[in-house]
Amino acid sequence: MTTAFLQSPLGRVRITGNDLGVSTITCLDVSDETPDSANPSEPVMQAVTQLNEYFAGTRKTFDFLINPAGTAFQQSVWQALLDVPFGTTLSYLALTRRLGDEKAIRAVAAANGRNPLWIVVPCHRIIGSNGSLTGYAGGLWRKQWLLEHERGSIRQLSLFS
């Protein structure tokens, strides 16, 4: 497993993975130790580049290899999150309906909360049915920032279309 770090507007980001893909992307608290990167794998380096582009407002999608560890159910939820387009939101209930079992809303929300690939698997795009910003492992202020960043990028890009 290799690790790389990058500085983002939301804090220092740690990216881990190997040649099979990136397994975790997390935003660190100020007190977390952040050593220098050492020989990161190709997918990890691609993630660093693409996340920097995302924060610069020039990237809307990611195409590096991902390899998150999780149960089959969690994997299905994370796969469904990948279908939520940049700059849009979807409610937990709507996501649960897409997955075919409205009664599984709590399980879907729990799997969403265990997403190990911050930003890339866009769990920040999932909101409450009433439009509220509910639950986000990185803190609601980061979720709000990400949603505003994506909406702002769409508006900015549309000026030049």
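**View 1. The buried residues Y54 and F62 and their ring pair.** In this predicted model, Y54 and F62 are both buried, a term for a relative accessible area under 20%, with exposed meaning over 50% and partly exposed in between (1.4 Å probe, protein chains only). Y54 and F62 also form a tilted aromatic pair, 5.7 Å centre to centre and with 40 degrees between the planes. Rings of Phe, Tyr and Trp (its six-membered ring) pair if their centres lie within 6.5 Å, and planes under 30 degrees apart count as stacked, over 60 as edge-to-face and the rest as tilted. Residues are numbered from 1 along each chain as its sequence is written. Because the model is predicted, local features need pLDDT of at least 70 and side-chain atom pairs pLDDT 80 or more, while totals for chains, interfaces and linings use all residues, and side-chain values use heavy atoms, without hydrogens and water.

**View 2. The ring pair of F62 and F64, and the aromatic cluster.** F62 and F64 are both buried, and their ring centres lie 6.1 Å apart with the planes at 70 degrees, so this pair is edge-to-face. Ring pairs join Y54, F55, F62, F64, F86, W118 and W145 into a cluster.

**View 3. The surroundings of I25.** When neighbours within four places in sequence are left aside, I25 is in contact (heavy atoms within 4.5 Å) with V13, R14, I15, L51, F64, P116, L117, W118 and V120.

**View 4. The largest nonpolar core.** This core has 37 residues, of which I15, I25 and W118 touch the most other members; a nonpolar core is a set of buried Ala, Val, Leu, Ile, Met, Phe, Trp, Tyr and Cys residues joined through side-chain atoms within 4.5 Å.
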